[in-house]
Amino acid sequence: MGISESWKGQLLCSLAMVLVGSTVVVSKVIAQDIEPFEATVLRHALALPVFLALMRWHGQRLPRVGRRDALLLTVQAAAGSVGYSVLLILGVSLASASDAGIVAGTLPAAAALFSALLLGERTGLRLVLSIALATAGVMAVALAPESAPPGGASTRLAGIALVLAAVACEAVFILANKRLSQPIPALALSTLMSAGGLLLSALPAWLVAQASPSTFTVPALAGVLYYAWVPTVGGFLLWYAGSARTSGVRASLATVWLPVAALLLSVVFLGESIRSWQWLGLGCVVAALLLASLPAARGPGD
């Protein structure tokens, strides 16, 4: 018996989230030799031609947008394409990839919190519990008594704070997308975000390069190439191919693989060890993801 289209869609979405989780690990490799803004420029410079080629292949054109939507798209690119990438690379340079992966998994809860605080959206008990669990997961990781990296506890906490800031940037990206006056097709939006990320990170990268040039080692460059073509482009293709085949709930549930993949990949490729407090934090974050992804209860008339 063949696999159903719905389950095939969930599998594709899960693979996309595994690739997103791998960005935490590859950011650790990049951070060792390439300055974050320069890495961001290279990533988008490599991804943008692929997105443009895909648009041409599908016969799509970039949409015309008004001044308000252009401003929102700029905010999206600054937060999601530049802020998230730069802060994540900085964060994993100070904290372990396993810590960063767990913290990055709080994104759905962070987006729900920002929606309530900034947009005034109603937050039911389910989302309140999700936010509380995500917070508990981060606290379990941040306050773990058995973690003592070479840089010291304060360095590790600074790294975790930077990853949380990266999550906040991605939450702003999600909220800005909700405020667009008209929806933009996924491929066109990805192309615009890549172009915007390239333009917005170019000047900071040039300024930083004058003061402290990066060391473009083969592993770091391979990491940027992987980040650009596999999670950025490949993850996009997998996610939208999967979400077109399955329900929004099943697609959302696939996000649980982000922190799980980041944690396991950090062990396999970076040789990091998983401590008991990290397992506790991962459990809280995965529970928060599940709560945030489940559909809200509907009344008899819905």
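Cys169 has a relative accessibility of 17% and so counts as buried, a label given to residues under 20% relative accessible area, with exposed meaning over 50% and partly exposed anything in between (1.4 Å probe, protein chains only). Cys13 is buried as well, at 0% relative accessibility. The structure holds 0 disulfides, a disulfide being a pair of cysteine sulfur atoms within 2.5 Å.

The model is predicted, so local features need pLDDT of at least 70 and side-chain atom pairs count only at pLDDT 80 or more, while totals for chains, interfaces and linings use all residues. Residues are numbered from 1 along each chain as its sequence is written, and side-chain values use heavy atoms, leaving out hydrogens and water.

Turning to the rings, those of Phe, Tyr and Trp (its six-membered ring) pair if their centres lie within 6.5 Å; planes under 30 degrees apart are stacked, over 60 edge-to-face and the rest tilted. By this rule there are 2 aromatic pairs. Phe51 and Phe236 make an edge-to-face pair, 5.7 Å centre to centre with 85 degrees between the planes. Because Phe51 sits in helix H2 (residues 36-57) and Phe236 in helix H9 (residues 218-243), this pair ties together parts 185 residues apart in sequence. Helices here are DSSP runs (H or I, at least four residues), numbered from the N terminus.

Phe236 also pairs with Tyr240: the ring centres are 4.9 Å apart and the planes at 55 degrees, so this pair is tilted. Both residues lie in helix H9, 4 residues apart, about one turn of the helix. Phe236 is buried at 11% relative accessible area, whereas Tyr240 is partly exposed at 38%. Together, Phe51, Phe236 and Tyr240 form one aromatic cluster.

Key
Helix = DSSP H or I, 4+ residues; strand = E, 2+ residues; numbered from the N terminus.
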